Every structure is written in C-alpha cells, then in structure tokens.
Amino acid sequence: MKNFKVKKSLIWVAVCLVLLFSLILSTCRTKEEPSEKGENIVVIKTNMGDITLELFSDLAPKTVANFVDLASGEKMGKPFYDGLIFHRVIKDFMIQGGCPLGTGTGGPGYTFEDECYEQGELLIGNVDSEEKALEVFQAILVPYLQKNGHSSNKEIVDLVTECGNQQSGKPLMGKSVEDYQVLTGQEDKKFYTKGKLKASVDYGTICMANSGPNTNGSQFFIVTKKDGCDWLNGKHTVFGKVIDGMDVVLKIQDVKTGAQDKPVEKVVIEKVVVERQ
C-alpha cells in the first residue's frame, strides 16, 4: 500500500510539473485544427540520404494531416520543412528536427492535441476517486489552462496548484465532471477517459516532439534506440515508421555533435516529398 501511495504521488508531481512547464512555452501559441488528409507515404530528403516513412493516418489522423500540410506547403503557403536542420541528435536515442529556428524552441505558430490513446469511456458523474480526478485533471483542466493561460480562471489555477501541493487529486473530489465543464465553459463538450495506447515509441518510429501534453506543432523525432523508448509511451504521438532509409537515420545519429546535442556540421532536410500510397 505504501508503494502504491508513493507511485500515485509521483504521478501527480509529474503531471503538475509538465503542465506548468508547457503553460510557459505555449502561452503565446494559438490552436489550429489540421485538415483531414490521408497521404500515407513521405520521403524526407536530407543531405545525407533519403528516409522513407509510412504514416499512420488511421491511428493519428490529425498529426499526419498536420505533417503533410506543413510538408506540402498547404498550411503555411510554402513547404515548411525544406531547408530546416536536424537540430538535436543523441546516439542510441533519436534524431530530432522540424524547428524553424534550429534551436528546438520554434514551431509553426499553433499547437494541437496528442493522439496517443484510443477514446475510452464517457467521463461523467461525481469525481469520487483519485483515478477519476486524474482523468478530469488531464482531460478538462490541463487543456483549458493551456488554451486560456494560467491567469484566466483563479479557481481552476488554485485547484491545480493545490493538487500539486498535496501531490494528490483529492482537491478535485467532491464535485462532478459536469461542475468542471461549467467552470471551464465547456458544458456542451463531451470528455472521455483514456483508452488503449495506440502505438508505442519503438525503434524506427517517427513521433511528435512537444513541451508537454497537447503542445504538438512541427517538431518530430525518429527513434534510433533498438529496444524503443517505453518511458515515452503515451507522452508523444507516434504517427509513422521508417520503411526505407533507416541506414540514413543511423548515419545521422552518428554525426559529431556540440552543445545541446546539435550536429557540428548541418544535417539538412532538403525537401519532404509527399507520396500517395
């Protein structure tokens, strides 16, 4: 029982810290819905060779649509990724790109939600357990604060802060899910619990990089760790996998790096070609 309480406390600490960090980084961003496209194959052409990816449009339709729209230029008026670099490379972990600033701090100017889990059960009724409180925290309160800022609703901020102080969801108990919908002005929206994990962060997968829950933009990483990165499961949307050119990915991970794991010599994304399957 003691170990369960420690684990539960650590979950609340982690969730609260991620929320606070992501709020700082996403305050100036606005949310934009990607279109619903179905392209399944893209080729990332780099100055070190080509990487061909199959995109999981069935598992992560919004993420795939966003990547395709950015690559094709439909969203920004010109191909977004052309000329960008892989700004962070860590051997036996991953290669990361998609930042227009080349620093890991840039994006397209908007964010959108994760697609890590299948839709679970409808979230309704009294918040009568810490498990349900965590679902309310993640499904309703976190997205609300990310969209509206930490100064938008003092009551919500105080509740989130108290959850962090107590390392528990108890401050959210005693109300209903519907109460929190009213509190956030989302009475007409339906919320769901997390269902089954859609895909794990495995070797050769391409995943969205982010600064916390629901802060996806343009940055992505390709996994080079042979046994995958299970500690990232559910935290980063997996939206495709390498089907050809993994040797190029491994060659990129072996380049010499300097400060902040940035390649000393630029590894450039010359073009991302979208192909239909």
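1. Helices, as the term is used here, are DSSP runs of H or I with at least four residues, strands are runs of E with at least two, and both are numbered from the N terminus. With that convention, Gln167 falls in the loop between H4 and H5. The model under review is predicted, and the remarks below should be read accordingly.

2. Overall composition. The chain contains six helices and 12 strands. Of its 277 residues, 48% are classed as buried. The accessible surface amounts to about 13800 Å², with 51% of that area belonging to carbon and sulfur atoms. Among contacts between residues at least 6 apart in sequence, 74% connect residues at least 24 apart.

3. The eight-stranded sheet. Eight strands form an open sheet in the order S4-S5-S10-S9-S11-S3-S2-S12, and their pairing is antiparallel. Strand S4 (86-90) and strand S12 (269-275) are the edge strands, each pairing on one side only. From one strand to the next, the twist averages 25°. In general, strands of a sheet pair through backbone hydrogen bonds, in either a parallel or an antiparallel sense.

4. The S9-S10 pair. Within this sheet, strand S9 (residues 205-208) and strand S10 (residues 220-223) are joined by three bridges in the antiparallel sense. Cys207 is positioned opposite Phe221 of S10.

5. Helices against the sheet. Helix H2 (residues 61-72) packs on the sheet and touches strand S2 (41-46), strand S3 (49-55), S9, S10, strand S11 (238-244) and S12. The direction of H2 makes about 120° with that of S12. Helix H6 (residues 246-253) lies across S2, S3, S4, strand S5 (94-97), S10 and S11, and its course is at about 120° to S3.

6. The surroundings of His236. This residue is located in the loop between S10 and S11. His236 counts as buried because its relative accessibility, 13%, is under the 20% cut-off. Its side chain forms a polar contact of 3.4 Å with the side chain of Asn210. Leaving aside residues up to four places away in sequence, His236 touches Cys116, Val201, Cys207, Met208, Ala209, Asn210 and Phe221.

7. Cysteines. The structure has zero disulfides. Cys229 takes part in none, and the nearest cysteine sulfur, which belongs to Cys207, is 7.9 Å away; a disulfide would require the two sulfur atoms to be within 2.5 Å. Cys229 is buried, with a relative accessible area of 0%. Cys163 is likewise counted as buried, at 0% relative accessibility.

8. The loop between H4 and H5. Leu172 sits in the loop between helix H4 (154-166) and helix H5 (177-183). It is buried, with a relative accessible area of 0%. Leu172 and Val127 are separated by 45 residues in sequence, and their C-alpha atoms are 7.1 Å apart. Gln167, from the H4-H5 loop, is partly exposed at 35% relative accessibility.

9. Backbone points to inspect. Which non-glycine residue has a positive phi of about 55°? That residue is Gln167. Asp261 is not a glycine either, and its phi is positive at about 60°. Asp261 belongs to the loop between H6 and S12. With a relative accessible area of 29%, Asp261 is partly exposed.

Notes:
Residues are numbered from 1 along each chain as its sequence is written. This is a predicted model: local features need pLDDT of at least 70, side-chain atom pairs count only at pLDDT 80 or more; totals for chains, interfaces and linings use all residues. Side-chain values use heavy atoms; hydrogens and water are left out. Buried means under 20% relative accessible area, exposed over 50%, partly exposed in between (1.4 Å probe, protein chains only). Contact means heavy atoms within 4.5 Å. Accessible areas come from the Shrake-Rupley method with a 1.4 Å probe; for residues, only the protein chains shown count as cover. Two strands pair if DSSP finds at least two bridges between them. Axes are lines fitted to C-alpha atoms, for helices over the stretch in contact, and angles run from 0 to 180 degrees between N-to-C directions. A polar contact is a pair of N or O atoms within 3.5 Å; within protein, one must be able to donate a hydrogen and the other to accept it, and residues adjacent in sequence count only if both atoms are side-chain atoms.
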